[in-house]
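Here is a short briefing to read with the model open beside you.

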Amino acid sequence: MTSLPTTSDLPRSAFLRTLTERGFLNQCSDTAVLDAALEQGVVPAYIGFDATADSLHVGHLMSIMTLRWLQRCGHKPIVLIGGGTTRIGDPSFRDTSRPMLDDAQIAANMAGIRQVFAKYLTFGDGPTDAVMVNNADWLDELRYIPLLRDVGRHFTVNRMLSFDSVKLRLEREQPLTFLEFNYMILQAFDFVELSRRFGCRLQMGGSDQWGNIVNGIELGRRMEGRDLFGLTTSLLTTASGAKMGKTASGAVWLNADRLSPWDFWQFWRNTEDADVGRFLRLFTELPLDEIARLEALEGAGINEAKKVLATEATRLCHGAEAAAQAEETARRTFEDGAFGDGLNSVTVSHADLETGLRLVDLLVEAGLAESKGAAKRLIRDAGARVNGNVASDEAALVTTADLDGEGRVRLSAGRKRHALLRCR
């Protein structure tokens, strides 16, 4: 494996150069050979996503943007959905086994994940058009004894036990099932099968997948003499050390039915100052010189850079119209003090509001708290507001007395997250 190229010795291919300049690249196998292959013609490359939920979240965006840049640089993205491997669950750096999902749940999750990629990639039959495939198409057809003979003989238990993802589970005396132990073999076989079907030469993923990717490279060489490559992106944390894509209210989902474009925009608007430049390079397609200008802003100017980040990231995920509406909602809400129409809303009946509805329940329903317990903590910490006024009583009711002239109540969690209660 060769070392990564430095900024003083950038790769010649547009794809590797882009990943290097924008801060994606972490590890790469045979960098010089891969760089030359990327210059010579179309290189099909894949990233795998298990169908463990019906949407991907911000934590997957590094991988999604890597595929997007691959296509923009003239190569073919392959989105591999793990309809087969989801039945096992990747044990990498997890203390416990993933919950077992049935086939109906996996199918529903795959449908939701497809919606995400339709927004970031161009699919079709052309040489650089993206394709989406399901590894159940070949894994479901494998016979156990032939698999052991043809694939399993290339893996030693000694080597498999040496991987950090396995060692950590064993060192912590957490059970590692034989089912999970097979995951790395099946992922390696995926790479070989994709190289057969689509001419795939490159597997990409987060840095926690490096061992699995190397397995696939070596299996391709041993089984069929194929020259395959791998690269990883860094696992991303915020400047304060928090895991990217998680908030107090839960995961930052990429599907609008799981998280509204407004809340998605707000997530990026609340980026820590120290992360603005890095996130602009990773999660937008703005030119690097413009990012350098925005990154250099100080004082109140950094808030303008955050708005640009929020709008550009939302445009890619939810479209230009949704991004513009979220930006306008923020301007009206925070600058003009008005109610933005793009805010999350909850509709209740006038009769219920006359009786009074519990603020705790409304905070959960409006998406401002993930549970009643979280809503109560929000109130105890003086973070819940009704029409801008701090609510200090966990038993507080919202009634018709709180309605404005247009039949609305503004609910807030802190000073930056808002929702509307509408009366019908």
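Among the contacts in the protein with a separation of 6 or more, 73% are between residues 24 or more positions apart. The model you are looking at is predicted. The protein has 424 residues, of which 52% count as buried, and its secondary structure comprises 19 helices and 15 strands.

**The six-stranded sheet**

- Six strands form an open sheet with mixed pairing, in the order E1-E6-E5-E2-E3-E4.
- Strand E1 (25-28) and strand E4 (131-134) stand at the edges; each has a single partner strand, so one side of each is left without a neighbour in the sheet.
- From one strand to the next, the twist averages 25°.

- Strand E2 (residues 44-50) has six of its seven residues buried, so E2 is largely enclosed by the rest of the structure.
- E2 and strand E3 (residues 76-82) run parallel and are joined by seven bridges.
- E3 is mostly covered, with seven of its seven residues buried.
- Which residues of E3 point one way, and which the other way? Lys76, Ile78, Leu80 and Gly82 point one way, while Pro77, Val79 and Ile81 point the other way, and all are buried.
- On to E4: E3 and E4 are joined by four bridges and run parallel.
- To locate this pairing, look for valine 79, whose bridge partner in E4 is methionine 132.

**Helices lying across the sheet**

- Helix H2 (residues 31-40) lies across E1, strand E5 (202-206) and strand E6 (229-233). The direction of H2 is at about 100° to E6.
- Helix H10 (residues 183-198) lies across E2, E3, E4, E5 and E6. H10 runs at about 145° to E2.

**Helix H13 and its two packing partners**

- Two packed helices are described by the angle between their axes and the distance between the axes.
- Helix H13 (residues 276-283) packs against helix H14 (residues 288-295) at an angle of about 160°, and their axes are 9 Å apart. That angle makes H13 roughly antiparallel to H14.
- H13 and H14 make a right-handed crossing.
- H13 brings Gly277, Arg278, Leu280 and Arg281 to this contact, and H14 brings Leu288, Ile291, Leu294 and Glu295. Sorted by class, the contact of H13 with H14 has four nonpolar, one polar and three charged residues.
- The other partner is helix H15 (residues 301-318): the axes of H13 and H15 come within 10 Å and cross at roughly 20°. H13 and H15 are therefore roughly parallel to each other.
- Is the crossing of H13 and H15 left-handed or right-handed? The crossing of H13 and H15 is left-handed.
- On the H13 side, the contact uses Val276, Phe279, Leu280 and Phe283. On the H15 side, it uses Ile302, Ala305, Lys306, Leu309, Ala313 and Leu316.
- By class, the contact of H13 with H15 has nine nonpolar, no polar and one charged residues.

**Two single residues**

- Asparagine 109 sits in helix H4 (residues 103-120). Its relative accessibility is 10%, so asparagine 109 counts as buried.
- Which residues does asparagine 109 contact, leaving aside its neighbours within four places in sequence? They are Ala51, Thr52, Ala53, Asp54 and Leu101.
- Glycine 407 belongs to the loop between strand E13 (397-398) and strand E14 (408-413). With 18% relative accessibility, glycine 407 counts as buried, because the cut-off is under 20%.
- Once neighbours within four places in sequence are left aside, glycine 407 is in contact with Leu421, Arg422 and Cys423.
- Glycine 407 and histidine 350 are 57 residues apart in sequence, and their C-alpha atoms are 9.3 Å apart in space.

How values were computed. Residues are numbered from 1 along each chain as its sequence is written. This is a predicted model: local features need pLDDT of at least 70, side-chain atom pairs count only at pLDDT 80 or more; totals for chains, interfaces and linings use all residues. Side-chain values use heavy atoms; hydrogens and water are left out. Axes are lines fitted to C-alpha atoms, for helices over the stretch in contact, and angles run from 0 to 180 degrees between N-to-C directions. Angles under 35 degrees count as roughly parallel, over 145 as roughly antiparallel, 65 to 115 as roughly perpendicular and the rest as oblique. A crossing is left-handed if the near helix is turned anticlockwise from the far one by less than a right angle, and right-handed if clockwise. Contact means heavy atoms within 4.5 Å. Ala, Val, Leu, Ile, Met, Phe, Trp, Tyr, Cys and Pro count as nonpolar, Asp, Glu, Lys and Arg as charged, and the others, Gly among them, as polar. Buried means under 20% relative accessible area, exposed over 50%, partly exposed in between (1.4 Å probe, protein chains only). Two strands pair if DSSP finds at least two bridges between them.
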